[in-house]
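This briefing is meant to be read with the sequence and the coordinates open side by side.

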Amino acid sequence: MGEHVATRIDGNAMAAELHARLADEVRELRAAGVRPGLATVLVGEDYPAQAYERRVRRLAEELDCAYVCEHLPGDVELAEALATVGKLNADPRITGILVLRPLPPQVPEVELYRILSPTKDIEAVTPVNAGLLAQGRPRFIPSTPAACFHMLDTYLRSTGRDPATAYDGVNLVLVGRSNNVGKPAVWLGLQRNATVISAHHYTDQAGRLADFTRIADILIVAVGRRGLVTGDMVREGVIAIDVGINPVRDEATGKVRLVGDLDFESVAARAEAISPVPGGVGPMTDIWLLHNTVRAAAMRAHLPHPPEMTL
Ligand code: NAD
């Protein structure tokens, strides 16, 4: 018998496809006199946040969208950070706002989210947009969980399964429950009729993480711990999506490379399909942010919105 080979869920290829589709949508909007515009708020000098800022800046430029980065010093006062968000709320060039994390302690994220304009809140972090998502009628689907489900839907479709029914009753296990990834993924899973289990730090502390990962038909891991989930913790035939990003220094070359939360080789040996890091959720997340920026521009101009690319 040949060795089992899991299908790689290729985020780069899917992102390239969305990029092309989005370029067409932007052209149509520009023809109607509308230009989408993205703003980021970056506080301090966090390396991954800066890298993310550069990636979305490049995408905005490639897609002919306006782009503004408000880069505030790490010791900025809360009042000034709030004033910056207020300024972007009022700026007619800007249709979508991303507040990059981490934020320093004197600038609690909830304070910024409280005043962010819901119509520009493309990551659904404001209470109203998070609530709409929880109720199954999202204004915007936050980029990372949207990326996970777009990848799952596309993969299922490619194997002849209809995403409208393929999740019905299946065990969807989410590891990690952050407000930006794990929790919104719960709502998206429920919307698709999956049986959703949310596991997190306390599940692991209680020694029960493997009890749940082992019963997953679909597994999404978003923690930030290299090799947290190994092959012996998953069932044969699992479909696994790796959100984690962990820098690892290569002893020999001194170079830093990125790995996910799944122990790729051992999980792939049992999985039906698996998304790699890098080249999985990352590029899809970046393009989805622009998708939401474009969607917000169409909504603002009362034009037909680009069709939502998930169920
Ligand atoms: P976070 O730190 O806000 O949340 C981490 C979550 O993991 C928490 O809910 C915590 O309870 C859980 N957790 C911690 N230790 C655990 C353990 N031992 N077992 C089980 N659960 C545990 O992180 P986040 O913002 O949700 O990001 C998670 C990871 O995903 C990070 O590596 C981040 O860099 C990455 N990420 C990637 C993308 C992307 O585009 N690919 C986007 C967002 C986040």
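The points below are grouped by topic and describe a predicted model.

**Sheet**
- The open sheet is built from six strands with parallel pairing, in the order S1-S11-S8-S7-S5-S6.
- Strand S1 (7-8) and strand S6 (195-199) stand at the edges with a single partner strand each, so one side of each is left without a neighbour in the sheet.
- Strand S5 (residues 171-175) and strand S7 (residues 218-221) run parallel and are joined by four bridges; in S7, Ile218 is the bridge partner of Leu172.

**Nonpolar cores**
- The largest nonpolar core has 59 residues, of which Phe149, Ile220 and Met284 touch the most other members.
- Helix H11 (residues 281-300) gives the most to this core, contributing ten residues, and the core draws at least three residues from each of domain 1 (32-125) and domain 2 (142-283).
- A second, separate core comprises 21 residues, including Val173, Leu209, Leu219 and Val221.

**Phe149, Tyr167 and Arg192**
- Beyond its neighbours within four places in sequence, Phe149 is in contact with Tyr167, Leu172, Ala185, Leu188, Gly189, Arg192 and Ile220.
- Phe149 and Tyr167 form a tilted aromatic pair, with 6.2 Å centre to centre and 50 degrees between the planes.
- Because Phe149 lies in helix H6 (residues 143-158) and Tyr167 in the loop between H6 and S5, the pair ties together parts that are 18 residues apart in sequence.
- Phe149 counts as buried, at 0% relative accessibility, and Tyr167 likewise counts as buried, at 0%.
- The charged end of Arg192 sits over the ring of Tyr167, 5.7 Å from its centre.

Terms used: Residues are numbered from 1 along each chain as its sequence is written. This is a predicted model: local features need pLDDT of at least 70, side-chain atom pairs count only at pLDDT 80 or more; totals for chains, interfaces and linings use all residues. Side-chain values use heavy atoms; hydrogens and water are left out. Two strands pair if DSSP finds at least two bridges between them. Helices (H or I, at least four residues) and strands (E, at least two) are DSSP runs, numbered from the N terminus. A nonpolar core is a set of buried Ala, Val, Leu, Ile, Met, Phe, Trp, Tyr and Cys residues joined through side-chain atoms within 4.5 Å. Buried means under 20% relative accessible area, exposed over 50%, partly exposed in between (1.4 Å probe, protein chains only). Domain bounds come from an automatic or database domain assignment. Contact means heavy atoms within 4.5 Å. Rings of Phe, Tyr and Trp (its six-membered ring) pair if their centres lie within 6.5 Å; planes under 30 degrees apart count as stacked, over 60 as edge-to-face and the rest as tilted. A charge sits over a ring if NZ of Lys or CZ of Arg is within 6 Å of the ring centre and within 35 degrees of the ring normal.
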